[in-house]
Amino acid sequence: MVPRYPRLAVVLGSGLGGLANLVKDPLVIPAGNIPRYPVPTAVGHEGQVIIGTIASKEVVVIRGRSHLYEGLSAEEATMPLRLVKQLGAHSVVITSSAGGMGVPPGTILFITDHLRVGPGPCLGVQGCRQPYDGQWRRRARRAANALGIQSACGTIVWTQGPSYETKAEIRFFMRCGARAVGMSTIPEALEARRLGMRVLGLAVITNAAAGLGPAPLSHEDVLACGAQMTTVMEKLLPAIFQAARG
């Protein structure tokens, strides 16, 4: 077997597992075959590590993630980041599905900063003021604009879950200037930064946050919208890797 040396990594969030089909000449490793790997239990998270190429770049794909609300510690949940670092990745795209606050469904939100809510601990660099790589984000958003993809930039809120937020919490987050809310990304981003990796955070807005839409939220609807956005992300992700440089 020809050795693989992936320099770029991507974490695929809820409903986005179909993006793994972009990988050429894939080596697929089930999560359960990797010692101490956190096997996902949430619906819509397959639990695979895939090594191959996207847009002629050697990549490693984390298809499906584990969350702290599944009973894991921050160290356990972020183990895949340490794995991709050991495999050689120096940069990671962390994707998720998220609820929008003033950002309509179907928008790609490039994350500029985050807020953490709740008791869940995170690893990472103490006092890390710039978790997300600004230069990479600007290049990636230019690529999105060139492709005609609707995008925005802003702060995301991390709540541990698994329950959705209350209307009061959403109003508070909006007053703090946040534009999206989700149950992942931030623990992974902080651990990636601790490891010295460059991070591009990307939230696919799949629904209006609690109380901002006409219907109650459901995980099934999030998965369905995420799957619909796969066609958009199939265009964007190769361009993002091309914009990574190095």
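Modeller: Let us begin with pairing, keeping in mind that this is a predicted model: two strands are said to pair if DSSP finds at least two bridges between them. Strand 1 and strand 4 run parallel and are joined by five bridges, and in this pairing Val11 has Ile62 of strand 4 as its bridge partner.

Colleague: Which way do strand 3 and strand 4 run, parallel or antiparallel?

Modeller: Strand 3, which covers residues 48-54, runs antiparallel to strand 4, and seven bridges join them; Ile54, for instance, is partnered with Lys57 of strand 4. The two strands form a hairpin with two residues between them, and in that turn Ala55 has a positive phi of about 55°.

Colleague: Why can strand 4 be called largely enclosed by the rest of the structure?

Modeller: A residue counts as buried when its relative accessible area is under 20%. Five of the seven residues of strand 4 are buried, so strand 4 is largely enclosed by the rest of the structure. For the protein chain as a whole, 54% of the 246 residues count as buried.

Colleague: How should I read a helix, and which residues of helix 2 are buried?

Modeller: The general idea is that an α-helix has 3.6 residues a turn, so residues three or four places apart point the same way. In helix 2, which spans residues 79-87, the buried residues are Met79, Pro80, Leu81 and Val84, and these pack against strand 1, strand 4, helix 1, strand 5 and helix 5. Just after helix 2 comes Gly88, with a positive phi of about 120°.

Colleague: How many residues does the largest nonpolar core have?

Modeller: In soluble globular proteins, nonpolar side chains tend to be buried together. Here the largest nonpolar core has 35 residues, and those with the most contacts inside it include Val60, Val84 and Ile156. Helix 5 gives the most to this core, with four residues. Apart from it lies another core, of 30 residues, with Leu16, Ala140, Leu236 and Phe241 among them.

Colleague: Is Ser96 buried or exposed, and what does it touch?

Modeller: Ser96, which lies in strand 5, counts as buried because its relative accessibility is 2%. Leaving out residues up to four places away in sequence, Ser96 touches Ile156, Gly13, Arg65 and Leu202, among others. Turning to contacts across the protein chain, residues 24 or more positions apart account for 82% of those with a separation of 6 or more.

How values were computed:
Residues numbered from 1 in each chain as written. Predicted model: local features only at pLDDT ≥ 70, side-chain atom pairs only at ≥ 80, totals over all residues. Heavy atoms only, no water. Buried < 20%, exposed > 50% of the residue type's maximum accessible area, 1.4 Å probe, protein only. Contact = heavy atoms within 4.5 Å. Core = buried A, V, L, I, M, F, W, Y, C linked by side-chain atoms within 4.5 Å.
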